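Here are my notes on the model, as numbered points. Please read them with the coordinates open.

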Amino acid sequence: MNYQPRPEDIRFLQQQVLQAGHTLRSLPAFAEVDDALADQLLQEAGRFVGEVIAPLNRSGDETGAQWNDGEVRMPPGFREAYQAFVEAGWPALSAAPEDGGQGLPAALDAVLYEWLSAANHGFTMAPGLLHGAYECIRHHGSEELRARYLAPIASGRWLATMCLTEAHAGSDLGLVRTRAVPQADGTQRVTGEKIFISGGEHDLTDNIVHLVLVRQPDAPPGPKGLSLVLVPKVLQDGTRNTVRCERIEEKMGLHASPTCVMRFDDAVGWLVGEAGKGLAAMFVMMNSARLHVALQGIGLLDAAWQKADAYARERRQMRAPTRQGLRPASRGDGDAADLIAEHPAMRRILDTQRAWVDGARLIAYRTAVQLDVAKHAADKAQREKAERWCSFVTPVLKAACTHQAFQGASECLQVFGGHGYVREWGIEQVLRDARVTMIYEGTNEIQAIDLLVRKVLPDAGAGLAACLIELRDELDASRDNEADAQRRMAQLRYLGTSVALAAQADPQLPYEVADDYLRVAMLTLMAWAWARIERAAPAGDTRWAAPAAAFRRWLLPEFDMRLGLVKRACESVTAPR
């Protein structure tokens, strides 16, 4: 089965639980974006994704992108689908009207890209960096670059890449060797090789805009010596720049997305921002990309759940146990077996993955709303508060959601039994495609270190505490589930203090416990999310009651386990010897 978006779920989470419309309409840029407009957009987006993009998923995986002498041809139907995507205005959803965009909230754009990733991850890799590239050029590009490139990128008429890593460097960008030599005419001449470049070459658009991390001749070593240069595939006079795709990688998954090795041979480019401040300029793009990857994780898990749930509701296997024992051998209906969905072990898998999707969605949508607040709020304090939230929560979402996409897809494959291991049902493709999300845009281990070492410990957790207090004040302590969530927030705050004290005795310890700490943080946020969902859900509605129960019974106990792991690690270095 192909993935089918469900706008009614999004409507409930965004409008009834988060009341996102109220927050967004308080921003001058979105004063006229009412719930009716949001509903209409979700309906149209769901129809487009379900009817145009999702049907290409399996064929794209089987055919894959094809490389030939530096050129890359996308799978059949992809170019036509992308042109329809552009013509419908979907890439321009959240771009500024003065750049040809629709000026709509990032919160709505987030839903679109979650659905696109669920329906066809390979296709979505192509436009996935558009918004980040647009924001990077808009904030740091010269007036000339903005005039030349913003509108084509905002519309999706030209696609963009983010060229960071090199074969010898991996995630250590301070080792980048690609050189950019300034010219008298104001251009830069770029020479070097970049690897793992998603969409570095393809036939979806006539031009591709590469944002390349480089080092100028007189630059100091390390990250502080890096600059950012815009290098187009096609120059303004229509000639082809000296940029070439050397090959595309043969990958475990994402076969429809060309992952390219790109060579720049004295290619013409233009500096974006100031020399030596390339990472700061690219950070706008990287943060956007990390939230996008978190949404990929949510979408992929939802796609896996949809397949497993549909299969479990039509496939029969053995007799299912009940609270009174096994079902009778015959119920008079001629069936010799029960639906897989009636088996408790399978219901546990399905309900826990549903709990992950719904809870993570609420956190991600709140983050998207805060991105809008950080960008558009008139009040400086309000903007700073929103920026603080995004700074802390983005690495948590990226790591936790992508981890669960892979692990949860593996669980959902189990529902199919042996049939899940063959290609016919499509669940194995989700598993393969999801694995890379734990690696790119900063590995999950790097996200955990970023959270704990770079963001929590430097101010002794004060910034994180401010975010948690804000969440705490949204909850009602007279409700058991909400009081429980508040208690866990307090435990997370104290945990940061424990790690800070232990780090004085063992500076390596924060790096060792960062993964477990991030998991505690995510489960704390999930407790908040499900407390909010349960308060808003209609009484007796099994759509929300079943995953809520699964979250509390099967997922939340992990909080105590991870908390205990970090505490014991801290005690091992602080206890008297």
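**Notes on the predicted model**

1. Glu44 and Arg47 form a salt bridge, with the closest N and O atoms 3.5 Å apart. The model is predicted. Both residues sit in helix H3 (residues 35–53), three residues apart, so about one helical turn separates them. Glu44 is partly exposed, at 38% relative accessible area. Arg47 is partly exposed too, at 37%.

2. Which side chain meets Glu135 in a salt bridge? It is Lys375, at 2.6 Å from N to O. Glu135 belongs to helix H8 (residues 130–140) and Lys375 to helix H11 (residues 344–376), so this pair ties together parts 240 residues apart in sequence. Glu135 is buried, with a relative accessible area of 6%. Lys375 is partly exposed, at 34%.

3. Arg535 and Glu482 give another salt bridge, 2.7 Å from N to O. Arg535 comes from helix H17 (residues 509–536) and Glu482 from helix H16 (residues 480–505), so the bridge ties together parts 53 residues apart in sequence. Glu482 is buried, at 2% relative accessible area. Arg535 is partly exposed, at 36%.

4. Now the wider charge picture. Side chains of opposite charge can pair when their charged atoms come close. The count here comes to 50 salt bridges. A network of them links Asp9, Glu114, Asp302, Arg354, Asp358, Arg361 and Arg543. The chain carries 64 positive and 73 negative side chains. The centres of the two sets lie 4 Å apart.

5. Pro547 deserves a look. This proline is found in helix H18 (residues 542–555). Is Pro547 buried or exposed? Pro547 is buried, with a relative accessible area of 2%, which falls under the 20% cut-off. Leaving out residues up to four places away in sequence, Pro547 touches Asp351, Arg354, Ala355, Asp358, Trp530 and Thr542. Among these contacts, Arg354 and Asp358 are also members of the salt-bridge network. Leu431 is 116 residues from Pro547 in sequence. In space, their C-alpha atoms are 22 Å apart.

6. Thr259 counts as buried, at 10% relative accessibility. Which residues does Thr259 contact, leaving aside neighbours within four places in sequence? They are Phe196, Ile197, Arg247, Ile248, Glu249 and Lys251.

7. Most residues other than glycine have a negative phi. Phe196 is placed in strand S5 (residues 188–198). At 53% relative accessibility, Phe196 counts as exposed; the cut-off for exposed is over 50%.

8. Leu254 also has a positive phi, near 50°. Leucine 254 is found in the loop between strand S8 (243–248) and S9. Where Phe196 counts as exposed, Leu254 is buried, with a relative accessible area of 5%.

9. What does the secondary structure of the chain come to? It comes to 19 helices and 11 strands. The radius of gyration is 24 Å, close to the 25 Å that the globule rule gives for 577 residues, so the chain is as compact as a globular protein of that length. Along the principal axes, the C-alpha atoms fill a box of roughly 85 × 65 × 50 Å.

10. Last, packing and surface. Of the 577 residues, 58% count as buried. Among contacts with a separation of 6 or more, 74% come from residues 24 or more positions apart. The chain exposes about 23700 Å². Carbon and sulfur atoms supply 51% of that area.

Notes:
Residues are numbered from 1 along each chain as its sequence is written. This is a predicted model: local features need pLDDT of at least 70, side-chain atom pairs count only at pLDDT 80 or more; totals for chains, interfaces and linings use all residues. Side-chain values use heavy atoms; hydrogens and water are left out. A salt bridge is a side-chain nitrogen of Lys or Arg within 4 Å of a carboxyl oxygen of Asp or Glu. Helices (H or I, at least four residues) and strands (E, at least two) are DSSP runs, numbered from the N terminus. Buried means under 20% relative accessible area, exposed over 50%, partly exposed in between (1.4 Å probe, protein chains only). The radius of gyration is taken over C-alpha atoms; the globule rule is 2.2 Å times the number of residues to the power 0.38. Contact means heavy atoms within 4.5 Å. Accessible areas come from the Shrake-Rupley method with a 1.4 Å probe; for residues, only the protein chains shown count as cover. Lys and Arg count as positive and Asp and Glu as negative; His and the chain ends are not counted. The place of a charge is taken as NZ of Lys, CZ of Arg, CG of Asp or CD of Glu.
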